[in-house]
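Hi everyone, thanks for making time.

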Amino acid sequence: MYNDLKNRSTAERAEMLTRRLVGIKSYTRTLGETEKVKEIYSIIKSFPYFQKHPEDVWIQSIAGDPYNRINVWAKLKGRQKKTVLFHSHIDTVETDDFGTLQSLAHDPDALQQYFSTYEGDERVKEQALSGDWLFGRGSLDMQSGAAIHLTNLLELSEQKDSLDGTMLFLFNPDEESEHAGMLAALQELQRMKDEGLKYVAAINNDFIAPMHDQDDTKYIYTGAAGKVLPSFYIYGREAHVGDVLTSIDPTLVASEINRKINQNLDLVEELEGEYVLPPACLYFKEDKHSYNVQTAVSARMYFNYFVFELTAKDVMDKLLSVTRETVEELRIQSERRYDEFRIHHGFPPSNWKWEVAVCTYEDLQNELRNKGLPVDKVLDRVAKEWKGKDRREASFALVEALQQLDPDKKPRVILFFAPPFLPHNYLNEQYEYGTEIREKLVKRLEVVTAESNETFATKRFFPYLADGSYLSLHETEEEVNVLKKNMPRMSDIYPLPIDLIRSVNIPSINIGVYGRDGHKWTERVYKPYTFHVLPGLIKNFALDLVAKKERTQ
């Protein structure tokens, strides 16, 4: 591959590598992820530096991974141990959204030709005709990002002068799902830290996009949003539909909770200048498997909930309050409806009650243990049955088993956390290099602005999910314990290396490729910025971070 790259400009290298990577299918949870990482490994090994130093490029197997996925690492040794980590993910979402054009999803030229005559979206057509945009699955998210890092790896390896600091590169799978690549990478990062590397910062280049149609600002993020997955198991009281008003219908309870949480802007953190999204329902299902005329017994929901400064405890407290308010409103409503119905039909008063308990997973365990019930024995059995299966379904199975253990079968809403959990990662002044990173970023952006006429804005949080979240942890032990105690059998189902994340402790700065429509069939990357401006910005900022004295270029 090096022979095809060596006489080309930076922009030409970046585009050629992007096209090469887009052409290889690497959908999350498929063998294609490994195929692409092996291709990247082969590309790196072709570079002259790594011909001379083969020990500085290596593959890391992801232990226990059902798809045998791997990470690839490359290192350029510097005169000092100060180190910048460049990281990008290589997996993509699948191509069902392309419909009848699925066969073209990995062919940028064919897609550009198609969109050049496309009447369904005038902007897409105009941009295809301009020649400034490269289409294809993963072109934006984020094969171009991996290509930029490969381009910079080559150019940094070609420098005649020794580097002031060490440059470390990671290309990993599974960012679009459960971050297995980055979680495995933590072990390698800790190993190299123990051997003396001193991490200054990580640079991710996950994609950025306009915030609105008139927006051409390029956003730089000095941290990443975190995420929890608050989950609800609602256990009701079933009834024949002929007696429906005596039921406690879990679908009704779930619907009301969903209405009060899903897309609720009142639950959004107020962070000036930051792009903060509301909670979103990702799953809603009742327990019936076939048709009958009985109301459902239970229902399940979980929500994507971004966290920026909030902790898991803060989210739990908020949602417990919303849930208690909701079930009380429904209790009053159910009593009123039943009374209206019985009075209309001349029935006497009844003893039906519509109270629904609200508790956390931790609360339920404690309640059942206090009754002398075999909580741990039941959880051991269920955890063993579900190990290796979908982690969210496993979590619900554990919660359901506890509810079934309750001899009173009390109607209740049980709130807990299901995997995954992503810590929020942000740059603060307490970090050893925090002030230095901020100052050097400002200066570098001033230089690039003058050279390119681009407009930049710096934000605290990358507003979507990114691997960089796992590179540091800001929660206290007390706050983490709320998560641990309310994520069913976390050590079995989702053994997150909390202590390792805290130890590695690298702020992740996102300086992303730029384009439109990530995860859509019209996905495209903007070539003039991504291939012509971005590589130099990232490379020079990394050199700034490890420089022994202030750089002027």
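First, some ground rules. This is a predicted model, so to speak: local features need pLDDT of at least 70, side-chain atom pairs count only at pLDDT 80 or more, and totals for chains, interfaces and linings use all residues. Residues are numbered from 1 along each chain as its sequence is written, and side-chain values use heavy atoms, with hydrogens and water left out.

Okay, domains. The protein chain splits into domain 1 (1–224 + 424–471 + 506–546) and domain 2 (226–421), with bounds that come from an automatic or database domain assignment. Their C-alpha centres are 40 Å apart. In the contact between them (contact means heavy atoms within 4.5 Å), domain 1 supplies 13 residues and domain 2 supplies 17 residues. How much area do domain 1 and domain 2 bury between them? About 1400 Å², with 54% of it on carbon and sulfur atoms. Buried area here is the accessible area (1.4 Å probe) that two parts lose on being put together, summed over both.

Now the sheets. When I say helix or strand, I mean DSSP runs numbered from the N terminus: helices are H or I with at least four residues, strands are E with at least two. Two strands pair if DSSP finds at least two bridges between them.

For angles, axes are lines fitted to C-alpha atoms, for helices over the stretch in contact, and the values run from 0 to 180 degrees between N-to-C directions.

Strand 7 (residues 218–221) pairs with strand 15 in the parallel sense over 4 bridges, and Lys218 has Phe456 in strand 15 as its bridge partner.

Next, strand 16. Parallel or antiparallel to strand 6? Strand 16 runs parallel to strand 6, joined by 3 bridges, and Asn204 stands opposite Asn510. With strand 7 the sense is antiparallel, over 2 bridges, and there Ile220 stands opposite Ile511. From strand 16, Ser508 and Asn510 point one way, Ile509 and Ile511 point the other way, and all are buried. Buried means under 20% relative accessible area, exposed means over 50%, and partly exposed is in between (1.4 Å probe, protein chains only).

Over at strand 2 (residues 70–76), 7 of its 7 residues are buried. Ile70, Val72, Ala74 and Leu76 sit on one side, with Asn71, Trp73 and Lys75 on the other. Strand 2 pairs antiparallel with strand 1 over 5 bridges, and Gln60 has Asn71 as its bridge partner. Another 5 bridges join strand 2 to strand 5, again antiparallel, and Trp73 partners with Leu170 there.

There is also an open sheet of 5 strands, in the order 10-11-9-13-12, with mixed pairing. Its edges are strand 10 (280–286) and strand 12 (357–360). The twist averages 20° from one strand to the next. Strand 9 (residues 226–235) and strand 11 (residues 298–307) pair antiparallel over 8 bridges, and Gly226 stands opposite Val307. Helix 11 (residues 361–370) lies across strand 12 and strand 13 (412–422), at about 100° to strand 12.

Last stop: helix 2 (residues 10–22). Its buried residues include Ala11, Leu17 and Leu21, and what covers the buried residues includes helix 1 (2–5) and helix 7 (139–157).

Why does Gln190 count as buried? Because its relative accessibility is 13%. Leaving aside neighbours within four places in sequence, Gln190 is in contact with Leu500, Ser503 and Val504.
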